[in-house]
Amino acid sequence: MTTAVPSPTLRKYLLSERFRPLAHVVWARHADATVLLDADRGKYYTLNEVAGRVWELVAAGEPVVEILRLLGEEYDAPVDRLEGDVTGLLDRLLEARLIERLPL
């Protein structure tokens, strides 16, 4: 599924990179959605099924390469689309200060 050289979409993230939810974020999975609460700002976020699965994998400490591998096994989607969707979601979660990068 993934190659030794990341596609242009993924170049901003290393395949070995890991993230984690920040301590002020509380989350729960409900049916096909995941709900995040930013307790510091009192904001709620709703993630669809696939974004919720990415959140679970981030919370489990999986590296980007493993997140992509597992999503590729679980969902019938082209690799380029998975890479773009995961990258975009990580961008938004970082921007919203819901996750942080772990040191390499």
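In which element is the place of Gly52? Gly52 is placed in helix 1, within a predicted model. The chain contains 3 helices and 5 strands, and from the N terminus on these elements follow the order β-β-β-β-α-α-α-β.

**Overall architecture**

- Of the 104 residues in the chain, 40% are buried.
- The accessible surface of the chain amounts to about 6,000 Å², and carbon and sulfur atoms account for 52% of that surface.
- When contacts between residues at least 6 apart in sequence are considered, 60% of them join residues at least 24 apart.

**The largest pocket**

- The largest pocket has a volume of about 220 Å³.
- Its lining comprises 16 residues, of which Leu47, Ala51, Asp85, Leu89 and Arg92 are the closest to the centre of the pocket.
- Three elements each contribute at least two lining residues: strand 4 (43–47), helix 1 (49–59) and helix 3 (79–95).
- Helix 3 provides the largest share of the lining, with 6 residues.
- Sorted by class, the lining consists of 12 nonpolar, 2 polar and 2 charged residues.

**Salt bridges**

- Side chains of opposite charge can pair when their charged atoms come close.
- The count of salt bridges in the model comes to 9.
- One of these joins Glu56 to Arg29, with 3.6 Å between the closest N and O atoms. Glu56 belongs to helix 1 and Arg29 to strand 2 (residues 25–30), so this pair ties together parts that lie 27 residues apart in sequence.
- Both partners of that pair are partly exposed: Glu56 has a relative accessible area of 22%, and Arg29 has a relative accessibility of 31%.
- Another salt bridge links Arg53 and Glu74, whose closest N and O atoms are 2.8 Å apart. Because Arg53 lies in helix 1 and Glu74 in helix 2 (residues 64–74), the pair ties together parts that are 21 residues apart in sequence.
- Glu74 counts as partly exposed, at 37% relative accessibility.
- Through shared partners, salt bridges join Arg29, Arg53, Glu56 and Glu74 into one network.
- A further salt bridge is formed by the side chains of Asp38 and Arg41, with an N to O distance of 2.0 Å.
- In this pair, Asp38 is buried at 0% relative accessibility, whereas Arg41 is partly exposed at 32%.

- Which residues is Gly52 in contact with, leaving aside its neighbours within four places in sequence? They are Arg29, Thr34 and Leu47.
- The C-alpha atoms of Gly52 and Val35 are 8.3 Å apart in space, while the two residues are 17 apart in sequence.
- Leu98 sits in the loop between helix 3 and strand 5 (99–101) and is buried, at 1% relative accessibility.
- Residues up to four places away in sequence aside, Leu98 touches Arg20, Pro21, Leu22, Val25, Leu36, Asp38, Tyr45, Trp55 and Leu93.
- Among these, Asp38 is also the buried partner in the salt bridge with Arg41.
- Tyr45, another contact of Leu98, is 53 residues from Leu98 along the chain, with 9.9 Å between the two C-alpha atoms.

- Ala31 is located in the loop between strand 2 and strand 3 (33–38).
- With 74% relative accessibility, Ala31 counts as exposed.
- Arg97 likewise is not a glycine and has a positive phi, of about 60°.
- Arg97 is found in the loop between helix 3 and strand 5, the loop in which Leu98 is also placed.
- Arg97 is partly exposed, with a relative accessible area of 48%, whereas Leu98 is buried.

Terms used: Residues numbered from 1 in each chain as written. Predicted model: local features only at pLDDT ≥ 70, side-chain atom pairs only at ≥ 80, totals over all residues. Heavy atoms only, no water. 1 Å grid on protein atoms, 1.4 Å probe; cavity = no way out; pocket = protein on both sides within 12 Å on 5 of 7 lines; lining within 4 Å. Points joined across faces, edges and corners; volume = space filled by probe spheres on them. Helix = DSSP H or I, 4+ residues; strand = E, 2+ residues; numbered from the N terminus. Nonpolar A, V, L, I, M, F, W, Y, C, P; charged D, E, K, R; others polar. Buried < 20%, exposed > 50% of the residue type's maximum accessible area, 1.4 Å probe, protein only. Contact = heavy atoms within 4.5 Å. Areas by Shrake-Rupley, 256 points an atom, 1.4 Å probe, with all protein chains shown as cover. Salt bridge = Lys/Arg side-chain N within 4 Å of Asp/Glu carboxyl O.
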